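Welcome! Have a look at the chain below, and then we will walk through it together.

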Amino acid sequence: MSRKPELRGRAARLARLLPAGAGTAARTPFVLLVVLLLGGGLIGLLVLNSALSAGSFQLDDLQKDTKSLTDEEQALQRDVDAYAAPDALQRRARELGMVPGGDPAFLDPDGTVKGVPGAAEQSSARNPVVRPPEVLAPAPSPTPTPTVPETPTEPPNPTPPTAAASAQPSIATPSAQPPTTPGR
């Protein structure tokens, strides 16, 4: 027969703090709880890792798009800078028939003019050709018409060559200077 030995002193006091029954608590629920917590933690880490990986791929795609758009913006800015350069502006202005202006004239608030107003002088090196809109429009395609022999007839009132030349409208030449008025 086995008997428990009697405890004395300090050991007896500590023994009273512990439950008197045997350790018959079931260990199965505790083991299942620990396994479920570990499995849930691993599945959570797997889901989190997948989400971070997908976000990383999306970030990489967005960075590539940003780089290509930045390159395109820089190319467009270079084009704008090239068109805004002084020599390019001067060349384009000359192509359009513009000439450099002279010294400016200023109007004071009382209406007096300071300086000498004058028209800009056209250089003879490059005279732009001003074409009327009829010349720039495409010519209509000719339609075939049957040829009918015409009988020669005299016009009822022939005009002399000098009157015919003066009847034609005159086309303004680019070298004609418009009248200048002070203040305009």
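Residues 24 or more positions apart account for 35% of the contacts in the protein chain with a separation of 6 or more, a contact being heavy atoms within 4.5 Å. Please keep in mind that this is a predicted model, in which local features need pLDDT of at least 70, side-chain atom pairs count only at pLDDT 80 or more, and totals for chains, interfaces and linings use all residues. Residues are numbered from 1 along each chain as its sequence is written, and side-chain values use heavy atoms, with hydrogens and water left out.

**Overall layout**

The protein chain contains five helices and two strands, arranged from the N terminus as α-α-α-β-β-α-α. Helices (H or I, at least four residues) and strands (E, at least two) are DSSP runs, numbered from the N terminus. Of the 184 residues, 2% are buried; buried means under 20% relative accessible area, exposed over 50%, and partly exposed in between (1.4 Å probe, protein chains only).

**Confidence**

The predictor's confidence in each residue is called pLDDT and goes from 0 to 100. Its mean over the protein chain is 76, and 60% of the residues reach 70 or more. Helix α2 has the highest mean among the elements (96), while helix α5 (residues 161-167) has the lowest (46). Over residues 160-176 the pLDDT is below 50, and this stretch has three contacts in the model beyond near neighbours in sequence. Where pLDDT is low, the predicted coordinates should not be read in detail.

**Salt bridges**

How many salt bridges does a search of the whole structure find? The search finds five, where a salt bridge is a side-chain nitrogen of Lys or Arg within 4 Å of a carboxyl oxygen of Asp or Glu.

| Pair | Distance | Source |
|---|---|---|
| Asp60 and Lys64 | 3.8 Å | salt bridge |
| Glu95 and Arg91 | 3.9 Å | salt bridge |
| Arg92 and Glu95 | 3.4 Å | salt bridge |

Asp60 and Lys64 sit four residues apart in helix α2, about one turn of the helix. Asp60 is partly exposed, at 33% relative accessible area, whereas Lys64 is exposed, at 53%. In helix α3 (residues 86-95), Glu95 and Arg91 are likewise four residues apart. Arg92 and Glu95 are about one helical turn from each other because they are three residues apart in helix α3. Together, Arg91, Arg92 and Glu95 are linked in a network of salt bridges.
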